[in-house]
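Subject: Handover of a structure and notes on its contents

Dear colleague,

Please find below the structure that I am handing over to you. My notes on it follow directly after.

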Amino acid sequence: MATLAIPLDGLTITAPPPEMLSQRNVEAVTGIPARVFLDTIRAPGFPLPVTKLGKLRLVERGAFVAHLRALASEPELRRDADADERTRVAAVLAAAGLESVPCARTGRSSAHAESASRDRLPPK
């Protein structure tokens, strides 16, 4: 009988992925930041059950990954949802007397310069 010495850095122990994803482990498992995960599961129409345990929000890993794959395989549905959101944002801005104008640098929308300066107090 012989004794074999194996250095600790020569061993790799791999644990199975967790069955449930939360904001604490989602980045390590999927690469998605916790903020994106929380925004996704809080979005209206999120189709999966979310278990609330204190401040933790838990979703089944397999179902969440399948949902992400479905979103990636159907970009036209995402474009439709993005267009719907832009329409809702435009309606809110119009109700406030503002309009959406793309910024030159970022492509993001902002209040039009004329309407933004219209409601400001004159400088002293």
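The notes below begin with the overall picture and then turn to individual residues.

This is a predicted model, in which local features need pLDDT of at least 70 and side-chain atom pairs count only at pLDDT 80 or more, while totals for chains, interfaces and linings use all residues. Residues are numbered from 1 along each chain as its sequence is written, and side-chain values use heavy atoms, with hydrogens and water left out.

Overall picture

The chain has 5 helices and 5 strands; these are DSSP runs, with helices (H or I) of at least four residues and strands (E) of at least two, numbered from the N terminus. Along the sequence their pattern is β-α-α-β-β-α-α-β-β-α. Of the 124 residues in the chain, 14% are buried. Here buried stands for under 20% relative accessible area, exposed for over 50%, and partly exposed for what lies in between (1.4 Å probe, protein chains only).

Confidence is expressed as pLDDT, the predictor's value for each residue from 0 to 100. The chain has a mean pLDDT of 79, and 74% of its residues reach 70 or more. Where pLDDT is low, the predicted coordinates should not be read in detail.

Charged side chains

The count comes to 1 salt bridge, by the rule that a side-chain nitrogen of Lys or Arg lies within 4 Å of a carboxyl oxygen of Asp or Glu. The partners are Arg 35 and Asp 39, at 3.6 Å from N to O. Both residues belong to helix H2 (residues 34–42), where they are 4 residues apart, about one turn of the helix. Asp 39 counts as partly exposed because its relative accessibility is 45%.

Arg 57, in strand E3, is buried yet has no salt bridge. The side chain of Arg 57 does, however, reach the backbone oxygen of Gly 54 at 2.9 Å.

A nonpolar surface patch

Leu 4, Ile 6, Leu 8 and Leu 11 make a nonpolar surface patch of about 490 Å². Patches consist of residues with over 30% relative accessible area and no salt bridge, like charges being joined within 9 Å and nonpolar side chains (Val, Leu, Ile, Met, Phe, Trp, Tyr) within 5 Å. The areas come from the Shrake-Rupley method with a 1.4 Å probe, and for residues only the protein chains shown count as cover. Leu 4 is found in the segment before strand E1 (20–21), and it is exposed because its relative accessible area is 71%.

Pairs separated in sequence

Pro 18 also lies in the segment before E1 and, at 28% relative accessible area, is partly exposed. Between Pro 18 and Gly 62 there are 9.7 Å in space, C-alpha to C-alpha, and the two are 44 residues apart in sequence. Ala 63, in helix H3 (residues 61–73), is partly exposed at 28% relative accessibility. Ala 63 and Glu 19 are likewise 44 residues apart in sequence, with their C-alpha atoms 9.9 Å apart. Val 89 sits in helix H4 (residues 75–95) and is partly exposed at 41%. From Val 89 to Ser 100 the C-alpha distance is 8.5 Å, across 11 residues of sequence.

Yours sincerely

Key: Lys and Arg count as positive and Asp and Glu as negative; His and the chain ends are not counted. A polar contact is a pair of N or O atoms within 3.5 Å; within protein, one must be able to donate a hydrogen and the other to accept it, and residues adjacent in sequence count only if both atoms are side-chain atoms.
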